[in-house]
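Please read this briefing with the model open beside it.

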Amino acid sequence: MSRSFTRLTLGAALGALAISVLASTLAITPARAAEDAVIIPAPVMDLKAGDGVQTAILAGGCFWGVQGVFQHTAGVLNAVSGYAGGSKSTANYTMITTGATGHAETVEIKYDPKKISYGKLLQIFFSVVHDPTQLNRQGPDVGSHYRSAIFTNSDEQKKVAEAYIAQLNAAKVYKKPIVTKVGPLEAFYPAEAYHQDYLTLHPNQPYIAIHDLPKVENLKKVFAEHYTAKPTLVSQAKVTN
């Protein structure tokens with residue numbers, strides 16, 4: 001069942017009052033994430049810290065949670081939800097939810113390489129953001145648009161990503177092999193405005209409370225030195241696309 005179907009069904013069936021009660025309950029009840037954090041080693045291979053803003057493009061299921069985690073990651077200058085893998089003409093939420101566009105829900109991450117490395121972003125991605133062993137799904141969300149993917153913008157990024165996946169598979173830190181696809185980015189298309197900063201703006205939304213806020217909490221616990229309480233929001237970012 002897709003995230004959009006779940007959200008719309010809840011809204012129609014329960015109504016505004018029922019959702020408010022549910023959200024209040026979730027706010028005082030410990031939420032359980034769809035995927036628990038996995039403690040994994042840092043990548044042996046990483047990019048050298050260079051000058052200027054760098055970009056990482058990652059897809060790991062619903063972009064609300066992916067964006068939310070990286071907005072709470074120190075060194076990230078901006079994290080924008082969007083679409084990658086398909087054409088410009090189909091880069092909109094209505095069409096990508098059909099699963100037939102080739103797009104994946106993706107987050108473009110602008111970061112300061114002197115404060116956080118590409119490899120560290122990948123470690124967070126594989127550890128707390130999503131389960132990289134789930135094929136074409138994450139938690140309750142099913143379809144190729146929820147696939148695990150790393151879109152690279154250089155040969156160096158490709159080498160680091162592929163080497164890290166091989167390293168993690170060899171270490172057998174997961175019960176199943178990693179299915180994350182690594183490939184060059186052709187284009188990234190920002191998602192609609194209402195998807196941006198969604199986790200921060202809607203913390204009591206049931207899907208966010210159940211599936212995404214626990215990921216941010218896992219970031220705080222597992223990567224405490226890279227966690228920042230104040231999120232870097234798209235609406236306030238000094239670095240844009």
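This is a predicted model: local features need pLDDT of at least 70, side-chain atom pairs count only at pLDDT 80 or more; totals for chains, interfaces and linings use all residues.

Residues are numbered from 1 along each chain as its sequence is written, and side-chain values use heavy atoms, with hydrogens and water left out.

**Overall make-up**

- The protein has seven helices and eight strands; helices (H or I, at least four residues) and strands (E, at least two) are DSSP runs, numbered from the N terminus.
- Of its 241 residues, 49% count as buried, where buried means under 20% relative accessible area, exposed over 50% and partly exposed in between (1.4 Å probe, protein chains only).
- Among contacts with a separation of 6 or more, 81% are between residues 24 or more positions apart; a contact means heavy atoms within 4.5 Å.

- Helix α2 (residues 63-71) is largely enclosed by the rest of the structure, because nine of its nine residues are buried.
- The buried residues of α2 include F63, W64 and F70.
- Helix α4 (residues 118-129) is mostly covered, with twelve of its twelve residues buried.
- Among the buried residues of α4 are Y118, K120 and Q123.

- E105 is part of strand β3 (residues 104-111) and is buried, with a relative accessible area of 1%.
- A polar atom of the E105 side chain lies 3.0 Å from the backbone nitrogen of F63. This is a polar contact: a pair of N or O atoms within 3.5 Å, where, within protein, one must be able to donate a hydrogen and the other to accept it, and residues adjacent in sequence count only if both atoms are side-chain atoms.
- T98 sits in the loop between α3 (93-96) and β3 and is exposed, at 56% relative accessible area.
- The side chain of T98 has a polar atom 2.7 Å from the backbone oxygen of M95, and it reaches the backbone nitrogen of A100 at 3.3 Å.
- T98 and S144 are 46 residues apart along the chain, and their C-alpha atoms are separated by 9.3 Å.

- N136 is not a glycine, yet its phi is positive, at about 55 degrees.
- N136 lies in the loop between α4 and β4 (137-138) and is partly exposed, with a relative accessible area of 30%.
- K172, also not a glycine, has a positive phi of about 55 degrees.
- K172 is placed in the loop between α5 (155-171) and β7 (181-184) and counts as exposed at 69% relative accessibility.

- The largest pocket has a volume of about 210 Å³.
- It is lined by 14 residues, of which V76, L77, K230, P231 and T232 are the closest to its centre.
- The second largest pocket holds about 150 Å³ of space.
- Of the 14 residues lining the second largest pocket, the closest to its centre are L47, K48, G50, Q54 and Y111.
- On a 1 Å grid over the protein atoms alone, a pocket is an open set of points where a 1.4 Å probe fits, with protein on both sides within 12 Å along at least five of seven lines; lining residues have an atom within 4 Å of a point.
- Grid points are joined across faces, edges and corners, and a volume is the space filled by probe spheres set on the points.
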